[in-house]
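Let's take a friendly walk through a protein model together. Have the chain in view, and we will stop at a few residues along the way.

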Amino acid sequence: MNAMHTNYHTHTYRCHHAFGTEREYIEKAIEAGFTVLGFSDHTPQFYRTDYYNKNKMRPEELQGYVETILSLKEEYRGRIEIPLGLEVEYYPAIFDRLLTFLKDYPIEYFILGQHYIGSDEKIYSGAPTGDKKILFDYVAQVKEALSTGRFSCLAHPDLINYTGDAASYYSAMKDLCRTCRDLGIPVELNLHGLEEHRNYPNTLFFRIAAEEGLSVILGSDAHLPEEVYKEQVAREAMQMAKLCGCHVIDTLTLRPPL
């Protein structure tokens, strides 16, 4: 029996670091017995300078993304659900501009993937750091993002790569998990990070998540069609979640973000 039947964290070639066609991802999901495959490619982003992150969709690519997913949603109706989402960064100084840009598109959900701290992408959340300020700034920014009510899930919540004292990490993550609990927002156990042996998923984080009674959902974070479902990786993720005492869910309640 498969360890997963849904995935809401799927990328496309438009983020410039994923490969394959949307149809290939969908066929892999159907082959694995999935009932839901949500696409959540990296949203276009508007910065305060002429900087642009080459690992995100460009604004002019969004229309094609939306049209393609909507077309496939209709084509595969009755075989698999294909919700249209985006993986979004929360940058306080420029978030409203992003929302204005997206408002006329039928986006069904946002997942929060906070890769950077601040609004200018100078501090990468996944870079090893012993700086407590970076740790607590990450938590503060994620909490502020979730409090907007626009996010259905917190992707790779343990991306922050704090290498300092365990007590500070515990305190910060406890604070973050309580906010997720109070807002009813599930956290993702990220299979991409697990397979690549990154600093996440972090066992301590998921023990804290279990202590706080959070719902945990497995997320493929697929950048290739074959990454939609890998049996061994999914089983390792489920085992990790259970060993940590987590309540694992299989379906997201999608919050209209716009």
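We begin with Cys246: its sulfur is 5.2 Å from the closest cysteine sulfur, in Cys244, which is too far for a bond. A disulfide is a covalent bond between the sulfur atoms of two cysteines; here it is counted when two cysteine sulfur atoms are within 2.5 Å. Cys246 counts as buried because its relative accessibility is 10% (buried means under 20% relative accessible area, exposed over 50%, partly exposed in between, with a 1.4 Å probe and protein chains only).

Keep in mind that this is a predicted model, where local features need pLDDT of at least 70, side-chain atom pairs count only at pLDDT 80 or more, and totals for chains, interfaces and linings use all residues. Residues are numbered from 1 along each chain as its sequence is written, and side-chain values use heavy atoms, leaving out hydrogens and water.

By the disulfide rule, the count comes to zero. Cys177 is in no disulfide either, with the nearest cysteine sulfur, that of Cys180, 6.1 Å away. With a relative accessible area of 0%, Cys177 is buried.

Now find Thr10. Is this residue buried or exposed? Thr10 has 0% relative accessibility, so it counts as buried. Its side chain makes a polar contact with the side chain of Asn7 at 2.9 Å (a pair of N or O atoms within 3.5 Å; within protein, one must be able to donate a hydrogen and the other to accept it, and residues adjacent in sequence count only if both atoms are side-chain atoms). The Thr10 side chain also reaches the backbone oxygen of Gly38, at 2.8 Å.
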